[in-house]
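Keep the account to what can be computed from the coordinates.

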Amino acid sequence: MTMNQSEIKQLIPHRDPFLWIDEVVEISESTIVARKHIPADLDVFQGHYPHFPILPGVLQLEAAFQAGAILIAKTQEVGEGQVPVVTRVNNTKFRSMVRPGDTLDIEVTLTEKLSNAFFLTGKVSVGGKVTVRLEFACAAAAIS
């Protein structure tokens, strides 16, 4: 199953300029594969190493978090008016830089669910080369 940005917006509350998923390439009960193209003219590049622009690592993490939220919203029962929010990040390892014009391949796997808590692992890659690996947890929280 694939999803476009319109379908993604039905599942998570994020919107431009803070929507870090362009498309879902594949989704199963436990894993999601998504993509985000990093435009060369992204505003953050003006100030984050302007003479050698790189995408901040926290934005790579955010892309993985949003992919995880889409996976949870699509495959798990979450209470009405609730969305998954990140509660913990563990074992994060940055491996490679992301540059303007790159495309992030984001893979997130749900490893465990306990009540309203979800435990996930994530990997972000560019051109087959891992840029970051992480473990994180989310909990369903009311938005109002």
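In sorting residues by class, Ala, Val, Leu, Ile, Met, Phe, Trp, Tyr, Cys and Pro count as nonpolar, Asp, Glu, Lys and Arg count as charged, and the others, Gly among them, count as polar. The model is a predicted one. With these classes, the lining of the largest pocket comes to nine nonpolar, two polar and one charged residues. The residues in question are Ile-12, Pro-13, His-14, Glu-62, Phe-65, Gln-66, Ala-69, Val-83, Pro-84, Val-85, Val-86 and Cys-138. Two elements, α2 (57-75) and β3 (82-94), each give two or more residues to this lining. The volume of the largest pocket is about 150 Å³.

The next step is the chain as a whole. Its secondary structure consists of two helices and six strands, and read from the N terminus the order is α-β-β-α-β-β-β-β. The radius of gyration is 15 Å, close to the 15 Å that the globule rule gives for 144 residues, so the chain is as compact as a globular protein of that length. Along the principal axes, the C-alpha atoms fill a box of roughly 45 × 30 × 30 Å. Of the 144 residues, 41% count as buried. The chain exposes about 7,700 Å², and carbon and sulfur atoms supply 50% of that area. Among contacts between residues at least 6 apart in sequence, 62% join residues at least 24 apart.

Ile-70 lies in helix α2. Is Ile-70 buried or exposed? Its relative accessible area is 0%, and because buried means under 20%, Ile-70 is buried. Leaving out residues up to four places away in sequence, Ile-70 touches Met-3, Ile-8, Leu-11, Ile-12, Ile-21, Val-24, Ile-27 and Ile-32. Glu-107 is 37 residues from Ile-70 in sequence, and their C-alpha atoms are 12 Å apart in space.

The other is Pro-84, which is found in strand β3 and is one of the residues lining the largest pocket. At 14% relative accessibility, Pro-84 counts as buried. With residues up to four places away in sequence not counted, Pro-84 touches Ala-69, Ile-72, Cys-138, Ala-139 and Ala-140. Ala-69 and Cys-138 are also among the lining residues of the largest pocket. Leu-71 is 13 residues from Pro-84 along the chain, with 10.0 Å between their C-alpha atoms.

The backbone comes last. Most residues other than glycine have a negative phi, and most peptide bonds are trans. Where does a cis peptide bond occur? It joins Asp-16 and Pro-17, with omega at about 10 degrees. Pro-17 is found in the loop between α1 (5-9) and β1 (23-27).

Asn-91 is found in strand β3, whereas Ser-115 is in the loop between β4 (103-114) and β5 (117-126). Asn-91 counts as partly exposed at 49% relative accessibility. For Ser-115 the value is 66%, so this residue counts as exposed.

Terms used. Residues numbered from 1 in each chain as written. Predicted model: local features only at pLDDT ≥ 70, side-chain atom pairs only at ≥ 80, totals over all residues. Heavy atoms only, no water. 1 Å grid on protein atoms, 1.4 Å probe; cavity = no way out; pocket = protein on both sides within 12 Å on 5 of 7 lines; lining within 4 Å. Points joined across faces, edges and corners; volume = space filled by probe spheres on them. Helix = DSSP H or I, 4+ residues; strand = E, 2+ residues; numbered from the N terminus. Rg over C-alpha atoms; globule rule 2.2 N^0.38 Å. Buried < 20%, exposed > 50% of the residue type's maximum accessible area, 1.4 Å probe, protein only. Contact = heavy atoms within 4.5 Å. Areas by Shrake-Rupley, 256 points an atom, 1.4 Å probe, with all protein chains shown as cover.
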